[in-house]
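Please keep the sequence and the coordinates at hand while reading.

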Amino acid sequence: MIGSQDLVVGLVIVLVLFGAKRLPELAASLGKSMKEFKKGVAEVGEEEPGKPPAPSTALTATASRSCLVCTTPLDPAWSHCPRCGAAAAPGEAKSQESR
């Protein structure tokens, strides 16, 4: 546990390193940082944990095929999957569209 002697030694070291003029600035910036951190933690806690993210309609609307390895939707112009790097077959777009 931290005792009173440890706190005094720590304060003396901080005073020597930063100087008396700089200590109020450091304390103020530390207080602001802690306030922002607590605010961010509270915002994360308020979000609904069970709500899934909305699907990207732009990607699914333009994607007419998917990767055979990882099932990521692929744009017709792509020759490789951006997620796993697997090569997309050239005739795959036509076979996937007919399904």
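The model is a predicted one, and the separation in question is to be set against the cut-off used here, by which a disulfide needs two cysteine sulfur atoms within 2.5 Å. For Cys 70 the closest cysteine sulfur belongs to Cys 81, and because the two sulfur atoms are 3.5 Å apart, this pair too is too far for a bond. The count of disulfides in the structure is accordingly zero.

How accessible are the two cysteines, Cys 67 and Cys 70? Cys 67 has a relative accessibility of 4% and therefore counts as buried, while Cys 70, at 17%, also counts as buried.

## The loop between the strands

Where does Thr 72 lie? Thr 72 is part of the loop that joins β1, residues 65–66, to β2, residues 73–74. With a relative accessible area of 15%, Thr 72 is buried, since buried means a value under 20%.

Once neighbours within four places in sequence are left aside, the contacts of Thr 72 are Arg 65, Ser 66, Cys 67, Cys 81 and Arg 83.

Ala 88 and Pro 76 both belong to the loop that runs between β2 and α4, with α4 covering residues 92–97. Is each of these residues buried, partly exposed or exposed? Ala 88 counts as buried because its relative accessibility is 15%, whereas Pro 76, at 45%, counts as partly exposed.

Leaving out neighbours within four places in sequence, Ala 88 is in contact with Arg 65, Leu 74, Trp 78, Ser 79 and His 80. For Pro 76 and Ala 88, which are 12 residues apart along the chain, the C-alpha separation is 9.5 Å.

## The first helix and its surface

Helix α1 takes in residues 4–18, and because its 15 residues should span 21 Å at 1.5 Å a residue, the 21 Å computed between its end C-alpha atoms agrees with that expectation. The expected span is taken as 1.5 Å times one less than the number of residues. After α1 comes Gly 19, which has a positive phi near 90 degrees.

A nonpolar patch on the surface is formed by Val 9, Ile 13, Val 14, Leu 17 and Phe 18, which together have about 460 Å² of accessible area. Leu 17, which has its place in helix α1, is exposed, with a relative accessible area of 63%.

## The chain as a whole

The protein chain contains four helices and two strands, and, read from the N terminus, its elements follow the order α-α-α-β-β-α. Of its 99 residues, 12% count as buried, and its accessible surface comes to about 8,300 Å², with 64% of that belonging to carbon and sulfur atoms. Among contacts in the chain with a separation of 6 or more, 19% are accounted for by residues 24 or more positions apart.

Terms used:
Residues numbered from 1 in each chain as written. Predicted model: local features only at pLDDT ≥ 70, side-chain atom pairs only at ≥ 80, totals over all residues. Heavy atoms only, no water. Buried < 20%, exposed > 50% of the residue type's maximum accessible area, 1.4 Å probe, protein only. Contact = heavy atoms within 4.5 Å. Areas by Shrake-Rupley, 256 points an atom, 1.4 Å probe, with all protein chains shown as cover. Patch = residues over 30% accessible without salt bridge, like charges linked within 9 Å, V, L, I, M, F, W, Y side chains within 5 Å. Salt bridge = Lys/Arg side-chain N within 4 Å of Asp/Glu carboxyl O.
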